[in-house]
Amino acid sequence: MIKKILVSQPKPTSDKSPYYDIASDLGVEMVFRPFFKVEGLSSKEFRQQKINLLDYTAVVFTSRHAVDNYFKLAKEMRVTIPEDMKYFCVIETIALYIQKYVQYRKRKVFFGDTGKIDSLIPLMQKHKNERFLVPQSSVHNNAISSLLDAQKLKHTECVMYRTVTNNMSEEEVKSFDYDMVVLFSTTGVKALKENVPGLEQGEVKVAAFGPATSKAVVDEGYRLDLEAPTAEHPSMTGALKAYLEKNK
């Protein structure tokens, strides 16, 4: 019987989260506990990449972490970002988030509609003379770089933040009494193994979102009980609800 579920993500900011609906409708307890956290690079670390923020006329943001650390580093290095800097965001929510740092003007903030860099390409091509800076995590592949190369856009990638394990306390490990663990990334799977190395899975169910996460679960020797997305359930919450209802 599944009564207590560990969701390896930050606690939802809205009371209207589907996780709360599942908890209420199916009588389960949801505990939100991120397995990793994002740390920004220090200005000293960033300078080692020999990137001058003012050499670029546009910035491509793929996450809020990128936004936060771009402006944090600018402030630390006492760099005044020009008023006419253009910002290209993979989705509107990130574009709106920029208002935390700069005045929002449509003529300098552009956004895609899929959350992926592909949807930004037509907009970037309209501004093909810009010099694009792409802040990234320390863990990334060359997909963005290859895509922009193919479009003959002038761009430079740089690392502005890193993902590190958010270690559990001894007390948390001792009282690890969850019936199910929901994982969303390969980093999360690795963090579970590091934090609870002696975990005997037994009746504990493991859910994974995305093919890479699912593969990592199996590679680490865990049994994969629930995988999302599927054609029927594109979200983890949808898949989780269906699984709980079936196994009630």
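**Exercise 1. How much space lies in the largest pocket, and which residues lie nearest its centre?**

*Solution.* Begin with the basis of the values: this is a predicted model, in which local features need pLDDT of at least 70, side-chain atom pairs count only at pLDDT 80 or more, and totals for chains, interfaces and linings use all residues. Residues are numbered from 1 along each chain as its sequence is written, and side-chain values use heavy atoms, with hydrogens and water left out.

Step 1 is the volume, which comes to about 1,700 Å³ for the largest pocket. Here a pocket is an open set of points on a 1 Å grid over the protein atoms alone, where a 1.4 Å probe fits and protein stands on both sides within 12 Å along at least five of seven lines, and lining residues have an atom within 4 Å of a point. The grid points are joined across faces, edges and corners, and the volume is the space filled by probe spheres set on them.

Step 2 is the lining, which consists of 37 residues, with Phe36, Ser63, His65, Phe184 and Ser185 nearest the centre. By class there are 16 nonpolar, 17 polar and 4 charged residues, where Ala, Val, Leu, Ile, Met, Phe, Trp, Tyr, Cys and Pro count as nonpolar, Asp, Glu, Lys and Arg as charged, and the others, Gly among them, as polar.

Step 3 places the lining in the fold: E3, H3, E7, helix H6 (143-150), E8, H8 and helix H9 (211-219) each supply at least two of its residues. Helices (H or I, at least four residues) and strands (E, at least two) are DSSP runs, numbered from the N terminus. Domain 1 (4-35 + 167-247) and domain 2 (39-164) each give at least three residues to the lining, the bounds coming from an automatic or database domain assignment, and the centres of the two domains, taken over C-alpha atoms, are separated by 31 Å.

**Exercise 2. In what order do the 6 strands of the open sheet with mixed pairing stand?**

*Solution.* Step 1 gives the order as E3-E8-E7-E4-E5-E6, where two strands pair if DSSP finds at least two bridges between them. Strand E3 (36-40) and strand E6 (109-111) are at the edges with a single partner strand each, so one side of each is left without a neighbour in the sheet. From one strand to the next the twist averages 25 degrees.

Step 2 looks at one pair: strand E4 (residues 58-61) runs parallel to strand E7 (residues 132-137) over 2 bridges, and Val59 has Leu133 as its bridge partner in E7.

Helix H8 (residues 186-195) lies across E3 and E8 at about 30 degrees to E8.

**Exercise 3. Which strands stand at the edges of the open sheet of 5 strands?**

*Solution.* Step 1 gives the order E2-E1-E9-E10-E11, with parallel pairing. Strand E2 (29-32) and strand E11 (226-228) are the edges, and each has a single partner strand, so one side of each is left without a neighbour in the sheet. The twist here averages 15 degrees from one strand to the next.

Step 2 turns to strand E9 (residues 180-183) and strand E10 (residues 205-209), which pair in the parallel sense over 4 bridges, with Val181 opposite Val206 in E10.

Helix H10 (residues 236-246) then lies across strand E1 (4-7), E2, E9, E10 and E11, running at about 150 degrees to E11.

Definitions and conventions: Axes fitted to C-alpha atoms, helices over the stretch in contact; angles between N-to-C directions. Contact = heavy atoms within 4.5 Å.
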